[in-house]
Every structure is written in C-alpha cells, then in structure tokens.
Amino acid sequence: MSLSELRRRGLVLYREILRLHQKKLPATMKELGDTYVRAEFRAHHGPNTTPPQYQQFMNAWFSYVQTLRSQKDDIGRDLHDIDIENLNDEQRGKLQQLRQEARKLKKT
C-alpha cells in the first residue's frame, strides 16, 4: 500500500479519534487528547516517515480507537511494561509530558 493511501486512511482514523474524544472524554481530557493527537498526526505526516513507520503508527492509534470504543465509564488503561520498554527516548519523554499534564488536570 502506498504512503498516500496510508495517509488517506490516517485522515479517516484521525477524524474518528476526534469524534470519540467528543463523545467519550470529559472536556479537560478532550482538550488534552485532541492537542496530543493533532501533534502526533502532524509529526507523522512529514516526508521522512516511511510506509512501515506510518503503518506502525496507524496500528497503535487503531488500537487506541478500539480501546476507547470498548470502554463504558472508566476511560483509559495502564501501559504494560512491555509497551514502555518498546518506546524510544523521544516517546518516553512525550509519555512523561502527557503524565504531567494529566496530573495537572486531575488536580483542578
């Protein structure tokens, strides 16, 4: 599958994520989630992203969509140790930033 076809499918997935955020997340979590999703999709639409990288990116977000769809009242899940071990340094830094922002939101 070509990168342009993958990106077209990515746009459909992006819109689905934003719709799920609208339906499932409280306002503060929606704002944080939407900002994060926008940044991630922008970062992966660059010319340096290869089709296998983009496919892996899409698979991870599709899994997120499946998780959101399956949850009723309690939103989110803990990351497994293997998930964290597979992150690169940049991804770990983003995860730490996301944790900090989520903690700030929880305090308010």
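Predicted model: local features only at pLDDT ≥ 70, side-chain atom pairs only at ≥ 80, totals over all residues.
Reader: Are H2 and H3 roughly parallel or roughly antiparallel to each other?
Author: Helix H2 covers residues 27–44 and helix H3 covers residues 51–70. Their axes come within 11 Å and cross at roughly 160 degrees. With the cut-off for antiparallel set at over 145 degrees, H2 and H3 are therefore roughly antiparallel.

Reader: Which residues of H3 make the contact with H2?
Author: H2 passes H3 in a left-handed crossing. On the H2 side, the contact is made by Tyr36, Val37, Glu40, Phe41 and His44. By class, this contact of H2 with H3 has six nonpolar, one polar and one charged residues. The H3 residues you asked for are Tyr54, Phe57 and Trp61.

Reader: How are H1 and H3 oriented, roughly parallel or roughly antiparallel?
Author: These two helices pack with their axes 10 Å apart, at an angle of about 25 degrees. Their crossing is left-handed. Since angles under 35 degrees count as roughly parallel, H1 and H3 are roughly parallel.

Reader: How many nonpolar residues does the contact of H1 with H3 have?
Author: From H1, the residues include Leu3, Leu6, Leu13, Ile17 and Leu20. They and other H1 residues meet a set in H3 that includes Pro51, Met58, Phe62, Val65 and Leu68. Three polar and five charged residues take part in the contact of H1 with H3, and the nonpolar count is 13.

Reader: And H1 with H2, is that roughly parallel or roughly antiparallel?
Author: The axes of H1 and H2 come within 10 Å. They cross at roughly 175 degrees. That makes H1, relative to H2, roughly antiparallel.

Reader: Which H2 residues make the contact with H1?
Author: H1 brings Arg7, Gly10, Leu13, Tyr14, Ile17, Leu18, His21 and Gln22 to this contact. The residues of the contact of H1 with H2 divide into six nonpolar, five polar and four charged. On the H2 side the list reads Lys30, Gly33, Asp34, Val37, Arg38, Phe41 and His44.

Reader: How many aromatic pairs does the structure hold, and which residues do ring pairs link into a cluster?
Author: The structure holds seven aromatic pairs. Ring pairs link a cluster made up of Tyr14, Tyr36, Phe41, Tyr54, Phe57, Trp61 and Tyr64.

Reader: Why is the pair of tyrosine 14 and phenylalanine 41 called tilted?
Author: A pair of aromatic rings is described by the distance of the centres and the angle of the planes. Here the centres are 5.2 Å apart. The planes stand at 55 degrees, between the 30 and 60 degree cut-offs, so the pair is tilted.

Reader: How many residues apart in sequence are the parts that this pair ties together?
Author: Tyrosine 14 lies in helix H1 (residues 3–24), while phenylalanine 41 lies in helix H2. Both residues are buried, and their C-alpha atoms are separated by 7.6 Å. The pair therefore ties together parts whose separation in sequence is 27 residues.

Reader: Is phenylalanine 41 buried or exposed?
Author: Leaving aside its neighbours within four places in sequence, phenylalanine 41 is in contact with Gly10, Leu13, Tyr14, Ile17, Tyr54, Phe57 and Trp61. Its relative accessibility is 4%. Being under the 20% cut-off, phenylalanine 41 counts as buried.

Technical notes: Residues numbered from 1 in each chain as written. Heavy atoms only, no water. Axes fitted to C-alpha atoms, helices over the stretch in contact; angles between N-to-C directions. Helix = DSSP H or I, 4+ residues; strand = E, 2+ residues; numbered from the N terminus. Parallel < 35°, antiparallel > 145°, perpendicular 65-115°, else oblique. Left-handed = near helix turned anticlockwise from the far one by under 90°. Contact = heavy atoms within 4.5 Å. Nonpolar A, V, L, I, M, F, W, Y, C, P; charged D, E, K, R; others polar. Phe/Tyr/Trp six-rings, centres within 6.5 Å; stacked < 30°, edge-to-face > 60°. Buried < 20%, exposed > 50% of the residue type's maximum accessible area, 1.4 Å probe, protein only.
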